[in-house]
Amino acid sequence: MSATFTVGLLLLLSAVGFWMGRTRAVTVAGGRIATLHSVPNYYGSFVALWAGLPALVLVLCWMALRGPVIDWLVLDGLTPEQVEIWARVMLPPNDLSALLANIAEETDALTETHRQLLLININNLAAGQAQYVNAAVVGAIQPAADHLNSLRNLANWTLFAAVAALSAGGLAFTWSRINPSLRARNNVERIVTWLLILCSTIAVFTTVGIVLSLLFESIRFFTKVPVTEFLFGLHWSPQTAIRADQVGSSGAFGAIPLFTGTLLIATIAMIVAAPVGLMSAIYLSEYAPKKVRGLVKPVLEILAGVPTVVYGFFAILTVAPFIRDMGAAVGLSISSQSALAAGIVMGVMIVPFVSSLADDVINAVPQSLRDGSLGLGATRSETIKQVVLPAALPGIVGAMLLAVSRAIGETMIVVMAAGLQANLTLNPLESVTTVTVQIKSILVGDQEFDSAKTLSVFALGLVLFLVTLVLNVVALRIVQKYREKYD
Amino acid sequence: MTEIAEPMQAAAPMSTSRHTGEAAMKRLRQRYAAERRFKIYGILAITFACAMLAILMFTLLKGGVSAFWQTEMRLEILIDPATIDPQGTGTPAGWDRGAFQTLVNDALYRDFPEVSGRLEKRDLRGLVSPVAGVFLGKVLDKNPALVGQTVELWLPTSDGINQIVKGGIDRDLPEAQRPINDQQLAWFSQLEQRGDVRTTFNSTFFTSSDSNYPELAGLLGAAVGTLLTMLVTVAISLPIGVAAAVYLEEFAPKNKLTDLIEVNINNLAAVPSIVFGLLGLAVFLNFFGMPRSAPLVGGLVLGLLVLPTIIIASRAALKAVPPSIREAALGMGASRLQAITHHVLPLAMPGIMTGTIIGMAHAVGETAPLLMIGMNAFVTQPPTGLLDSSSVLPVQIFIWADKPERGFVELTSAAILVLLAFLITMNGAAIWLRKKFERRW
C-alpha cells in the first residue's frame, strides 16, 4: 500500500467529511438554517479538518521516521554470522579484523560507513537489483533483504490502517457532535489561525535547520581539524588518504587562500558593479527622460533575471578568452581561469541589484531637499553630489553591503569561470578559488560522508552563512533606520 | 539644463561684478562642464549595462541557433535479419541493439566501395554519427516489417561533419585543427555532390534526454525534471508563503516573537543559495534519507529558497489593500478571517501571483543548491515520478558547458536560449498580470 494511496484516502475522507458535516448541519437545523450558529459550510469544514489534519500529521511523522527505524530493525535482524560472511567479502583487511574482534565481544560491530555499505547492498537486493551486489554475499544477506521487504510492506499497511482509523474516528466523533449550538465557525477559525502561525514559523525553522545542520557537521569537522588551523592556515589541499600508505594525501585545511580568493573576486565584482550600478540609478532617477527609463528598466530587469549559470557560460565562452587575448596582446600571460574574468562577469550580474536598491534609496530622498538646492542655484549634479547622495548615503552603503554579500555567496559563475587550485595571491590575473567553488567541487561526486574532506564543506558553509548573515543584518539595519527618518 | 544656460552666456562678458565677471564666467563654465561630465558618466553606465546584455544575447544567439538544425546524410541500409537478430527470434525483443550501428556502417562501406583497410574504414565511419544505429532502431521499432528489406534513411552525421556544414568549424582550417581530416572531407564532398546531405530541424533536441553524443542529446528529461521540481516548489511555497504573510500582516501582534520572525525572513531572503543546498543535503538526504537527485528534494529545497520572496511580495500585496475594505467587512459582521478570505485576499491575489511567478522564475534558474543534492545525475530518460533521478534545465546547461565536444557548446547555447525564453515568458506573464489587475486605491 503506497504512501500516495494513503494520502489519497486521507483527502477522500476529508472531502466526505465536509459533505457529511454540511448535510448533517442542514438536517439538524430542520430546514431553518438561521437557527444554526454558523453557516453550514463551516460545519463541513469543521468535520473535514478533524478528519484530515491529525491523520496528516501522523503520515508526515511516519514518513520521517520510517526509514531509520526500518534500517535499524533490518540490521538488528542480521545474525553475527551473516555480518561476518558479508564483511569477509566486502571489507578491506584492516577493517575486517577490527570488525571480527568486535563481533567476538558482541558489541555494536559495524562502523557508520560499513553500516551504510551493508544497507546499500541490502537495499539493492530488496529492489531486485542483484546485479549491483557482490554475488558472494547475496546468500548471506538475502534473508535481510526479504526481511526489509516484508517490513516495508508491513509499515505501509500499518500506516494505511492507522490513517484510515484516525481519519474515520475524527470524522465520526465531530460528525456526532454537530448540533445547532456548536460554534463551528469559531472552532474552524481557531484551527486555521494556528495553521497560519505554524506557516509563519517555517521560515524560522529553516534558519534553525541551516544553523543546526551546519553547526553539527562543523563540530565533527573541528574534532578532526583544529579551528585555528582552519581559520588561519595558509594551505588548502583537502585530499585525505583513503589508504594509510597513499602518496600525496596530506590533507591541509587552511582556508585563508579560499577567503582571499573569495574577497579578491568579490572586490573586482564590486569595482565593476558599484560605480555602474550607482551611476545608472542616479541617471535613471534624476536625468533620464521617461522614454529612456521605460527602455532601460526592462533591460536591467532582464539582466537581473538571467540565471547565474548563464553568466558562468558567458564568462568561459566570451569574457575569459577575450581577457586572455587582451593580455597576450600587451605581453601579459593571463590564466584562462583568471579572477579578473570571473569578477567582471559577477560585477555585471550584480549591476541591476545595486541599481535597483540604489534607485529605491535615491527616490526616498524627499523632493523638497532637491528643490531647495536647485532653488539656491546649484546645478543638478551639484544637487546630487552634495545633497541627494549625502542624504541617501546610509541607504547606499546598505545596498553595497547587500551586494557584497551577494558576491560572496555567488556560486555558479565562480564554479565555471574561476579555478580549483587554492592560490594565496592578490593578483587578479591569476587563477584563484573561492569558498563556494570548494563546497561545490568537494560535494559533487561520490564521497565518503565521514571524511574530513566532506565535513570541511560544512565548516566552509558555516563561515559563508555567518559572514553573509552579518552583512545582511547590518545592511538591513542601516537601510531600515534610514527609511524611518524620512517616512 | 540648457534653458538655464542660455541667458547666462548672453550676459555681457566684460562686467567686473561678482556674479557676471570673468572669474565668475569661468567658474560657471567649469560647473557646467562638471554637470555634463556627470551626465555622461550616467549614460556610460547605462550603455555598459545595455552593451553587456546585447553581447550576451548576441553570443548566445550566434552560438545557439544552429543547434536547432542537424545535418543528415542519406544511406541505403540493408536491414539484414542475420545481423540484428542473431538468435532468429523474429521479434523486436530479440534484436541485438548494438548491431544496428553495424548495419549503418555496412551501408557506408557499400557507398564507398573503394575504401579498404582498417584505418581508412575507421575514417569513413567518422562521417556518420556513432549513434546513428539508435535512430535506425527507432525507425525499426515503429515499423518492424522493414527487417530484411533495403531502406533509404536520413541519418545524422557525426559531430565534426555537422559542425563543418553549419559553419561552426571552418573547412579551410589546417587539417590538424579540424576534427575531420582531408580524406573524410573529400568523401563528404562526394556525398554533397550526390545530393545525399541535407540539414533539417533538430527534433531530437526536444524529444530526447541527456546523452554523451551531441547528436542524441536533448532537453526533454531536464524540462520534465524542471516541471516536476517546480510543481513541488509551488505546492510548498505558495500556500505556506501566503499563510505566513496573512498571519504576519493581518493577525500578528507587535511583539518580540513576530519581530524575530520578520528579521529572520528578511535575512533568509539574502542567504546564499548554496547554503540551502547544504541544508537539503544535511536534512532531507542524510537525516530523512530521501533519494538523491529526486525532483521532490529539489522542489523542497527551492521551495524553502523562494519562501521569503513570496512572503515579502504577499505582505506588500496585502498591505496595499486599503483598511477601509477590512473595516467595511468587519462592520457588516464578518469575522476577521472572513474579511480576509472573502475580501482582502481576492483583492491582493494579483500582487501575490506576480510575486510568486517572479519567485518561481528565480527558482527555475537556480543551479547551485540542486548540485548539492545530486541533481547533476546523468539521466537519459525523462523522470516519471517525484522520486526518480532527474536533472533540471540549468543543471543540464552546467553539465553541457563542461563537455569538450564542439557540438555541446552549441547545445549549451541553445539550451540557454530555451531557458531564457521560458524565463522571459514567466516574467512577461507577471508583468501582464500586474498591468491587468493592478488597482490604485
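**Notebook: helix packing, sheet and chain contact**

I started with chain B, where the axes of helix α4 (residues 99-111) and helix α6 (residues 132-142) come within 8 Å and cross at roughly 105 degrees. For this I took axes as lines fitted to C-alpha atoms, for helices over the stretch in contact, with angles running from 0 to 180 degrees between N-to-C directions. Helices (H or I, at least four residues) and strands (E, at least two) are DSSP runs, numbered from the N terminus. α4(B) and α6(B) are therefore roughly perpendicular to each other; angles under 35 degrees count as roughly parallel, over 145 as roughly antiparallel, 65 to 115 as roughly perpendicular and the rest as oblique.

I note that the model is predicted: local features need pLDDT of at least 70 and side-chain atom pairs count only at pLDDT 80 or more, while totals for chains, interfaces and linings use all residues. Residues are numbered from 1 along each chain as its sequence is written, and chains are lettered from A and ligands numbered from 1 in the order in which they are written.

**Residues between the two helices**

I looked up which residues meet. From α4(B) they are F100(B), Q101(B), L103(B) and V104(B), and from α6(B) they are A132(B), G133(B), L136(B) and G137(B). Contact here means C-beta atoms, placed from the backbone, within 7 Å. Ala, Val, Leu, Ile, Met, Phe, Trp, Tyr, Cys and Pro count as nonpolar, Asp, Glu, Lys and Arg as charged, and the others, Gly among them, as polar.

**Sheet of chain B**

Next I traced an open sheet of three strands in chain B, ordered β2-β1-β3 with antiparallel pairing; strands pair if DSSP finds at least two bridges between them. β2 (150-156) and β3 (197-201) of chain B stand at the edges with a single partner strand each, so one side of each has no neighbour in the sheet. I read an average twist of 40 degrees from one strand to the next.

Strand β1 (residues 69-78) of chain B and β3(B) run antiparallel and are joined by five bridges. I checked Q70(B), whose bridge partner in β3(B) is T200(B). α4(B) also packs on this sheet, touching β1 and β2 of chain B, with its direction at about 80 degrees to that of β1(B). Helix α7 (residues 159-166) of chain B touches β1 and β3 of chain B, and its direction makes about 130 degrees with that of β1(B).

**Domains and extent of chain B**

I find 18 helices and three strands in chain B. Its radius of gyration is 32 Å, well over the 22 Å that the globule rule gives for 441 residues, so chain B is more spread out than a compact globule. The radius is taken over C-alpha atoms, and the rule is 2.2 Å times the number of residues to the power 0.38.

Chain B is divided into domain 1 (67-202) and domain 2 (220-437), with bounds from an automatic or database domain assignment. Their C-alpha centres lie 45 Å apart. Seven residues from domain 1 of chain B and seven residues from domain 2 of chain B make the contact.

**Chain A and the interface**

For chain A I have 17 helices and two strands. The C-alpha trace of chain A spans about 85 × 80 × 35 Å along its principal axes.

Last, I looked at the contact between the chains, which takes 67 residues from chain B and 70 residues from chain A. Helix α2 (residues 22-64) of chain B gives the largest share of the chain B side, 19 residues. By class, that side has 51 nonpolar, 13 polar and three charged residues.
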